[in-house]
Amino acid sequence: MSMMTTTASTLTPSTPVPTFAACDTTPQERAAKFRQMAIEAGTPAVTLNDENSPQAQALEWISTKDQLSPPLCPSDEPEALQRFIMAAFYFATGGDNWKECIAPTDSSPAAIADATKNCSIGATKYPMGDRKYGTDAWLTPTPICHWAGLVCHNDDERKGTLDQIDFEDNNLSGTLIDEIGLLKNLRFLILEQGSIEGVIPDSIGNLRLLIVDLDFNRLIGQIPPSLYNVKSLLQLDLNNNEMTGQLSPDVGNWQAMTYLQLNSNKFTGTIPPELGQMKKLREYNI
């Protein structure tokens with residue numbers, strides 16, 4: 001009986017597979033897990049399959065280009081999902097064409113430092129306890145709570161979660177993504193004086209919002225029905241857009257509202273008498 005022998009000269013050395021030690025996974029597995037994270041959160045797979053969608057661009061960035069150190073794992077909450085959502089927000093609103101705080105031109109330390117140097121946006125400061133205000137350019141290798149225009153909770157079980165997205169006159173365009181409604185602790189959505197188009201996502205009705213200020217954009221469509229159920233709302237500014245439809249009798253749900261601006265749109269119909277139920281309303285312009 002003959003025996004098969006293999007000499008050392010015929011052996012092919014194995015090539016080590018790159019791994020993300022912090023995640024105990026290969027780059028391919030890590031990317032797949034980020035994709036699964038997005039799908040489980042609510043982003044449709046068909047959207048992620050469209051390489052031109054903001055969500056697909058965000059998935060590629062967080063999986064292969066993000067320089068955060070140590071590398072982010074898909075299981076790292078709340079940072080992982082929020083980082084994906086904010087990257088998608090950046091791409092959806094034409095982030096590379098913002099006036100300030102755009103992503104670095106490359107991953108070099110010099111480019112990152114230069115991007116942040118050219119970033120002076122400061123979010124509105126409300127007396128809401130201990131909060132973290134971002135100052136860095138977007139898509140830089142720092143936690144999203146460090147990115148300018150973002151404010152995070154910093155004092156309780158919500159620490160590290162987004163509380164405020166705040167831009168005024170920074171040349172935001174494009175559309176608002178549905179995933180904003182996944183930011184469960186977001187209370188302030190302030191995106192004034194831009195060129196944002198499309199409809200307001202119905203998903204924002206999932207949030208306990210205090211202020212929604214989207215005035216002086218190019219929004220269309222009606223006020224999302226879900227927004228009438230956000231009883232925590234104190235201020236709603238949608239003036240100077242191109243919105244249509246009628247004001248719902250459900251305005252009576254806005255018992256905490258103090259400030260309402262809907263003028264300079266294309267709304268039709270009459271003002272519902274339920275507006276009189278808004279006992280705390282101090283100023284309105286419809």
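**Salt bridges, pockets and backbone**

Analyst: To begin with one contact in this predicted model, aspartate 163 and arginine 131 bring their side chains together in a salt bridge, at 2.7 Å from N to O. This pair links distant parts of the chain, since aspartate 163 belongs to strand S3 (residues 162–168) and arginine 131 to strand S1, 32 residues apart.

User: Are aspartate 163 and arginine 131 buried or exposed?

Analyst: The term buried is kept for residues under 20% relative accessible area, while exposed asks for over 50%. Aspartate 163 falls in the former class, and arginine 131 does too, so by this definition both residues are buried.

User: How many salt bridges does a search of the whole structure find?

Analyst: Side chains of opposite charge can pair when their charged atoms come close. One example joins aspartate 156 and arginine 158, whose side chains meet at 2.9 Å, N to O, and a network of salt bridges links Asp66, Glu79 and Arg83. Over the whole structure, the number of salt bridges found is 8.

User: Why do aspartate 156 and arginine 158 count as partly exposed?

Analyst: Partly exposed residues have a relative accessible area between the buried limit of 20% and the exposed limit of 50%. Aspartate 156 is placed in this class because its relative accessible area is 27%. Arginine 158 is likewise partly exposed, because its relative accessibility is 23%.

User: What is the overall pattern of helices and strands along the sequence?

Analyst: The protein holds 5 helices and 8 strands, and its C-alpha trace spans about 100 × 45 × 35 Å along the principal axes. Of its 286 residues, buried ones make up 49%. Read along the sequence, the pattern is α-α-α-α-α-β-β-β-β-β-β-β-β.

User: Which helix gives the most to the lining of the largest pocket?

Analyst: The largest pocket holds about 340 Å³ of space, and of the 16 residues that line this pocket, the closest to its centre are Trp61, Lys65, Ala103, Pro104 and Leu139. The lining divides into 8 nonpolar, 4 polar and 4 charged residues. Helix H3 (54–65) and helix H4 (79–92) each supply at least two lining residues, but the most, with 4 residues, comes from H3.

User: What is the volume of the second largest pocket?

Analyst: Residues lining the second largest pocket include Glu77, Pro78, Leu81, Thr161 and Leu186, and the largest share of this lining, 3 residues, comes from H4. By type, the lining divides into 7 nonpolar, 3 polar and 2 charged residues. The volume of the second largest pocket is about 180 Å³.

User: Which residue does a cis peptide bond join to glutamate 77?

Analyst: A cis peptide bond runs from serine 69 to proline 70, with omega near -5 degrees, and proline 70 is found in the loop between H3 and H4. The loop between H3 and H4 also holds proline 78. With omega at about 10 degrees, the residue joined to glutamate 77 by a cis peptide bond is proline 78.

User: Where is asparagine 240, a residue other than glycine with a positive phi?

Analyst: Phi of asparagine 240 is near 60 degrees, and this residue counts as partly exposed because its relative accessible area is 25%. Its place in the chain is the loop between strand S6 (235–237) and strand S7 (259–261).

User: How much accessible area do Ile271, Tyr284 and Ile286 have together?

Analyst: Tyrosine 284 is found in strand S8 (residues 283–285) and counts as partly exposed because its relative accessible area is 47%. Ile271, Tyr284 and Ile286 form a nonpolar patch on the surface, and their accessible area together is about 290 Å².

Note on methods. Residues are numbered from 1 along each chain as its sequence is written. This is a predicted model: local features need pLDDT of at least 70, side-chain atom pairs count only at pLDDT 80 or more; totals for chains, interfaces and linings use all residues. Side-chain values use heavy atoms; hydrogens and water are left out. On a 1 Å grid over the protein atoms alone, a cavity is a set of points where a 1.4 Å probe fits but cannot get out, and a pocket is an open set with protein on both sides within 12 Å along at least five of seven lines; lining residues have an atom within 4 Å of a point. Grid points are joined across faces, edges and corners, and a volume is the space filled by probe spheres set on the points. Ala, Val, Leu, Ile, Met, Phe, Trp, Tyr, Cys and Pro count as nonpolar, Asp, Glu, Lys and Arg as charged, and the others, Gly among them, as polar. Patches are made of residues with over 30% relative accessible area and no salt bridge: like charges are joined within 9 Å, nonpolar side chains (Val, Leu, Ile, Met, Phe, Trp, Tyr) within 5 Å. Accessible areas come from the Shrake-Rupley method with a 1.4 Å probe; for residues, only the protein chains shown count as cover. A salt bridge is a side-chain nitrogen of Lys or Arg within 4 Å of a carboxyl oxygen of Asp or Glu. Buried means under 20% relative accessible area, exposed over 50%, partly exposed in between (1.4 Å probe, protein chains only).
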